[in-house]
Amino acid sequence: MSNNAVAGVVLHYLEDNPGEIETLSPLVLALIEGAGPVTDAATMPAHVTWGAVAVTADWRVLHVRHRGSAGWLLPGGHVDAADRSLLGAALRGLAERTGIAANSVIPDTVYPIDIDAQVVSADPVREEPSHVHYDARFVLYVPDETAQPCSAETVDHRWIPVRDLSGTLGDKLRARCARDARTERAHLA
């Protein structure tokens, strides 16, 4: 996946979320400078990762627990060299990590609902410096709560009501849920 393809996604995202330019400006600069492929996990001091916001019809969001982690996270990970798009990476990764088949998922759009900048601590064992993951998170409507942790990293899962999610992502998802409810009411009228 080229930096130009990622730049198109990021610039479209910033058109919808102009208040996040300060957070994403280092990523935009990296894309412009073209120092390395921003989707390559070896690109430092930052690279782009994928996140899957798997949502059921009743607006419950899948979270997973990784081996050695106490917290609950969205399914996510690094982009593979064979991935052709960030959305494709999220669909592939969700299937690999949770067993939810990509062909059973309906993406909300081809653009992420959120791009979160997460600082990753240095890992001396892997000789990795501290760096930033720009996590492009895609809303993926799933048919039900059927998920099975099926990777060595994912050890458990749970479904959280969207009303219980905090932060910017929770706010964006609640707004999307309200928009969908208004649209459905308009179609029924």
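Where is the place of P45? The points below take this up along with other features of the model.

1. The structure is a predicted model, in which local features need pLDDT of at least 70 and side-chain atom pairs count only at pLDDT 80 or more, while totals for chains, interfaces and linings use all residues. Residues are numbered from 1 along each chain as its sequence is written, and side-chain values use heavy atoms, with hydrogens and water left out.

2. P45 sits in the loop between helix 2 (21-33) and strand 1, where helices (H or I, at least four residues) and strands (E, at least two) are DSSP runs numbered from the N terminus. The peptide bond that joins M44 to P45 is cis, with omega about 15°. As background, most peptide bonds are trans, and most residues other than glycine have a negative phi.

3. W59, in the loop between strand 1 and strand 2, is not a glycine and yet has a positive phi of about 60°. E127, in the loop between strand 5 (114-120) and strand 6, is also a residue other than glycine, and its phi is positive, near 55°.

4. W59 counts as buried because its relative accessibility is 10%, whereas E127 counts as exposed because its value is 73%. A5, which belongs to helix 1 (residues 3-16), is partly exposed because its relative accessibility is 36%.

5. There is one aromatic pair, under a rule by which rings of Phe, Tyr and Trp (its six-membered ring) pair if their centres lie within 6.5 Å, planes under 30 degrees apart being stacked, over 60 edge-to-face and the rest tilted. W59 and Y141 form this pair, which is edge-to-face, at 5.9 Å centre to centre and with 85° between the planes. It links distant parts of the chain, since Y141 is in strand 6 (residues 131-141) and the two residues are 82 residues apart.

6. A nonpolar core is a set of buried Ala, Val, Leu, Ile, Met, Phe, Trp, Tyr and Cys residues joined through side-chain atoms within 4.5 Å. The largest one has 35 residues, and V10, L62, L86, L94, I100 and L140 have the most contacts inside it. Elements giving two or more residues to this core include helix 1, helix 3 (86-98) and strand 6. A second, separate core of twelve residues includes V55, W59, V139 and L165.

Methods
Buried < 20%, exposed > 50% of the residue type's maximum accessible area, 1.4 Å probe, protein only.
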